[in-house]
Amino acid sequence: MPTYVIGNFLIYCIVNAFTPGPGNILALNTVTNYGWKKGKPLFLGIFTGYYVVQILCAVFVYGVSMFLPNLMSVLKYVGAAYILWLTIHIAIGKPHAESAEKSASFLKGFMLQFVNVKIYMFGITALTGYIVDFNSSFAVLLFFELVIATIGTIATGTWIGMGVLIQKYYLKHYRIINVILALTLIECIYSMLR
């Protein structure tokens with residue numbers, strides 16, 4: 001696998017994982033409203049759910065590549081369209097305050113990941129856009145999905161750890177941050193389709 005592919009895969013993962021999404025926003029709101037100690041069960045649920053969903057994505061992509069290999073090239077373009085959609089929404093997006101959850105349970109964090117479309121698209125797009133053309137064995141797909149889940153967990157942990165500081169900085173400079181992230185994703189689309 002060429003180095004530029006791994007590099008673009010990692011850039012795509014980092015940008016996608018660190019942008020605001022349901023898990024990051026919920027974690028941020030929980031830590032700012034309840035603190036680390038009371039929020040810990042919810043955070044562990046988010047992290048666990050992230051890994052389970054990414055394993056499911058690896059199984060899905062492996063199954064499609066084994067039984068419907070022609071569909072993989074189509075999924076690459078669907079993934080590129082998703083990244084373009086994400087790019088546009090990041091570039092024009094504005095921060096919005098989410099209401100804090102009334103409880104911070106493991107189950108709430110875990111179940112959130114099963115309805116979090118962002119991480120399904122994230123996992124499937126990363127594999128079909130960067131990995132499958134070079135290796136579609138289940139072990140390799142699972143490895144890269146675990147990398148995705150780890151980066152996602154680090155990103156959510158960063159949102160938790162920075163708490164109010166990230167929120168204030170992002171609210172103050174969101175336009176510049178969003179445009180830089182969007183331009184970075186355009187490079188990811190280009191490398192995926194060339």
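This is a predicted model: local features need pLDDT of at least 70, side-chain atom pairs count only at pLDDT 80 or more; totals for chains, interfaces and linings use all residues.
Residues are numbered from 1 along each chain as its sequence is written, and side-chain values use heavy atoms, with hydrogens and water left out.

Now colour by burial. Of the 194 residues in the protein chain, 46% are buried; buried means under 20% relative accessible area, exposed over 50%, and partly exposed in between (1.4 Å probe, protein chains only). Contacts (heavy atoms within 4.5 Å) are worth a look too: among those with a separation of 6 or more, 85% link residues 24 or more positions apart.

**Into the core**

Next, select Phe9, Tyr12, Phe122, Leu127, Ile131, Leu141 and Ile148, the residues with the most contacts inside the largest nonpolar core, which has 31 residues. A nonpolar core is a set of buried Ala, Val, Leu, Ile, Met, Phe, Trp, Tyr and Cys residues joined through side-chain atoms within 4.5 Å. Two or more residues come from each of α1 (3–18), α2 (22–67), α3 (69–92), α5 (117–131), α6 (138–162) and α7 (164–193). A second, separate core of 10 residues includes Leu42, Ile46, Leu112 and Ile160.

Zoom in on Leu127. Beyond its neighbours within four places in sequence, Leu127 touches Cys57, Ala58, Val61, Val132, Leu141, Phe144 and Glu145. Cys57 counts as buried because its relative accessibility is 1%.

**Where α1 meets α5**

Show α1 and α5 together: their axes (lines fitted to C-alpha atoms, for helices over the stretch in contact) come within 10 Å and cross at roughly 170°. The two helices are therefore roughly antiparallel to each other, a label for angles over 145 degrees between N-to-C directions. On the α1 side, pick residues including Phe9, Tyr12 and Cys13; on the α5 side, Phe122, Ala126 and Ile131 are among the partners. Cys13 has 0% relative accessibility, so Cys13 counts as buried.

**Last stop: Ser73**

Finally, select Ser73 in helix α3. Ser73 counts as partly exposed because its relative accessibility is 43%.

Key. Helices (H or I, at least four residues) and strands (E, at least two) are DSSP runs, numbered from the N terminus. Axes are lines fitted to C-alpha atoms, for helices over the stretch in contact, and angles run from 0 to 180 degrees between N-to-C directions. Angles under 35 degrees count as roughly parallel, over 145 as roughly antiparallel, 65 to 115 as roughly perpendicular and the rest as oblique.
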